[in-house]
Amino acid sequence: MSVLRGERPARPGTRLTWLLCCSALLSPAAGYVIVSSVSWAVTNEVDEELDSASTEEALPALLEDSGSIWQQSFPASAHKEDAHLRPRAAAARARPPPAPPGMFSYRPEGGPGLRAGTARSLAHASAWGCLATVSAHEKIQGLPFGNCLPVSDGPLNNSTGVPFFYVTAKDSVVADLMKNPMASLTLPESEGEFCRKNIVDPEDPRCARLTLTGRMMAVSPEEVEFAKQAMFSRHPGMRKWPRQYEWFFMKMRIEHIWLQKWYGGVSDISREEYFKAAPRKA
């Protein structure tokens with residue numbers, strides 16, 4: 001074999017050393033599966049599971065019990081040395097982050113008198129509500145039909161707890177009430193300042209809503225003047241509504257009171273408690 005000048009012949013030992021180093025660096029990769037940048041040692045049993053099932057189905061099983069897998073990745077002496085460093089099961093549980101200021105300062109009220117006061121406050125503060133009736137329209141006859149209407153339980157200085165309405169016979173809601181006078185009125189707290197001040201979404205269960213169920217009826221002549229004061233003092237624009245629509249006043253004779261102001265359902269308030277209570281001062 002010819003040798004060029006200035007070059008030394010490669011020694012067999014040098015080539016063998018280089019091959020052994022490369023094989024030593026590459027050999028551990030055959031025993032691991034890379035998942036989310038974490039190396040997991042693969043045993044024969046796991047290798048069979050990966051062959052028989054898809055990766056997506058097998059990996060969750062590996063992640064559930066990783067203790068035995070990691071124990072096979074390190075010698076037993078390493079586990080004995082690190083035993084005192086392992087956190088206890090109770091201490092390892094992550095604590096939930098603290099709630100933002102003001103988020104959970106609103107607590108459910110325990111006493112019926114307090115709930116009744118909240119209900120009266122909602123009834124007096126609400127300028128509008130959603131009235132649900134049983135539809136008389138031929139296409140949806142017998143189904144619930146809702147409509148948002150202006151409402152008032154009296155002038156600002158005289159709360160009665162009874163919702164008054166200013167409606168026209170040409171409204172589909174009134175047509176429904178002529179067939180079936182029973183209705184439900186929902187008054188949300190979205191108009192108040194509590195939800196905004198406490199960083200609560202208007203649809204959050206802690207943002208209270210009141211539902212009154214009862215019989216709708218036309219206001220008697222003796223009550224028309226009070227109904228006019230109740231509606232026009234809260235909705236001055238009503239005075240200029242077109243007269244050809246033949247507006248008239250209605251009210252609800254309340255039979256059931258439901259208040260939701262916390263998680264987990266609604267509170268049933270009796271009529272006696274409701275009318276005995278007074279709205280809270282702002």
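Okay, a definition to start: buried means under 20% relative accessible area, exposed means over 50%, and partly exposed is in between, using a 1.4 Å probe and protein chains only. This is a predicted model, where local features need pLDDT of at least 70 and side-chain atom pairs count only at pLDDT 80 or more, while totals for chains, interfaces and linings use all residues. Residues are numbered from 1 along each chain as its sequence is written, and side-chain values use heavy atoms, with hydrogens and water left out.

So, how many salt bridges does the structure hold? Two, where a salt bridge is a side-chain nitrogen of Lys or Arg within 4 Å of a carboxyl oxygen of Asp or Glu.

One pairs E223 with K251, with the closest N and O atoms 2.8 Å apart. E223 sits in the loop between strand 7 (209-218) and helix 10 (224-234), and K251 in strand 8 (residues 247-260), so the bridge ties together parts 28 residues apart in sequence. Helices (H or I, at least four residues) and strands (E, at least two) are DSSP runs, numbered from the N terminus. E223 is partly exposed at 26% relative accessible area, while K251 is buried at 16%.

The other joins E272 and K276, 3.9 Å from N to O. Both are in helix 11 (residues 271-276), four residues apart, about one turn, and both are exposed.

Now the inside. A nonpolar core is a set of buried Ala, Val, Leu, Ile, Met, Phe, Trp, Tyr and Cys residues joined through side-chain atoms within 4.5 Å. The largest has 27 residues, and L131, F165, L210 and M252 have the most contacts inside it. Strand 8 gives the most to this core, five residues.
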